[in-house]
Amino acid sequence: MNILVLYADDWRHDTLGIAGNPIVKTPRLDALAKQGMRFTENCVTTSICGISRATLYTGQWMSRHGADKFKMWDTPWEQTYPGLLRDNGYWLGHVGKWHNGKFPQEKYDFSTVYAGRHWYKDESEPGGKIHVTKRNERDALQFLNDRPKDKPFVLNVCFFATHAEDPHKDQ
C-alpha cells in the first residue's frame with residue numbers, strides 16, 4: 001500500500017467542503033477524501049505548526065515528544081511513522097514545509113523543503129514566479145515519477161499557503 005499524506009496545518013476542523021464547510025468549495029480534495037482515509041480525531045495541545053507536525057509524526061503529545069515551538073522532537077526517528085515505514089522498505093519522501101529544526105535529509109530518499117514565502121522565482125513559469133502550492137505539486141509529481149516502481153512509498157506533502165499571505169512580503 002502506498003501512502004500520500006497531504007498535510008496543511010493551521011486549519012479549522014471544518015475547513016474543507018467534505019468536513020462540512022458551507023462556503024469553501026474543495027471538490028478535488030473532497031473526491032480524494034472519499035477514495036482515501038480521513039483522520040478526523042486528531043488534536044494537538046498547542047496550535048503551532050511545528051508542534052502539530054511533531055505530534056503527527058510521533059503520535060505523541062508535546063509533553064512527550066518535546067518539540068516546543070519549531071525545534072526537532074526528542075522521540076527517536078525509528079519510532080516515528082516515517083522512520084517505521086522506511087525501516088520496512090518504503091521509499092520515503094517529503095515535499096514542502098518542515099518547521100521542526102534542521103531537516104533530517106539523511107532519513108529521506110527524496111526531499112524538497114521550503115516555507116516562509118508564497119512566491120518563488122522560477123524562470124520556467126509565466127511571469128518568472130511560481131506559487132508555493134504549485135511548487136508543492138511539481139515536486140510531488142517529481143517524487144512520484146522518479147521513485148522506484150518496485151517499492152511502496154510514503155510521501156508527505158506539507159503545505160505552507162494555508163498561512164495568511166502578505167502581498168508585499170514576497171516582492
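Leaving aside its neighbours within four places in sequence, which residues is Cys158 in contact with?

Reply: The model is predicted: local features need pLDDT of at least 70 and side-chain atom pairs count only at pLDDT 80 or more, while totals for chains, interfaces and linings use all residues. Residues are numbered from 1 along each chain as its sequence is written, and side-chain values use heavy atoms, with hydrogens and water left out.

Beyond the neighbours within four places in sequence, Cys158 is in contact with Tyr7, Arg53, Tyr57, His94, Val95, Gly96, Lys97 and Asn136; contact means heavy atoms within 4.5 Å. Lys97 stands 61 residues from Cys158 in sequence, yet their C-alpha atoms are 5.1 Å apart. Cys158 belongs to strand β6, which covers residues 153–158. Helices (H or I, at least four residues) and strands (E, at least two) are DSSP runs, numbered from the N terminus. With a relative accessible area of 1%, Cys158 is buried; this term means under 20% relative accessible area, against over 50% for exposed and in between for partly exposed, with a 1.4 Å probe and protein chains only.

Apart from neighbours within four places, the contacts of Tyr57 include Trp73, Tyr81, His94, Trp98, Tyr108 and Cys158.

Rings of Phe, Tyr and Trp (its six-membered ring) pair if their centres lie within 6.5 Å; planes under 30 degrees apart count as stacked, over 60 as edge-to-face and the rest as tilted. The count by this rule is 11 aromatic pairs. In one of them, the ring centres of Tyr57 and Tyr81 are 5.3 Å apart and the planes stand at 55°, so this pair is tilted. It links distant parts of the chain, since Tyr57 is in helix α2 (residues 49–58) and Tyr81, 24 residues away, is in helix α4 (residues 81–87). Together with Trp73, Trp77, Trp98, Phe103 and Tyr108, these two tyrosines form one aromatic cluster.

The largest nonpolar core has 16 residues, and Tyr57, Trp73, Tyr81, Trp98, Tyr108 and Val154 have the most contacts inside it. Such a core is a set of buried Ala, Val, Leu, Ile, Met, Phe, Trp, Tyr and Cys residues joined through side-chain atoms within 4.5 Å. At least two of its residues come from each of β1 (3–7), α2, α4 and β6. A second, separate core of 14 residues includes Val132, Phe143, Phe153 and Val157.
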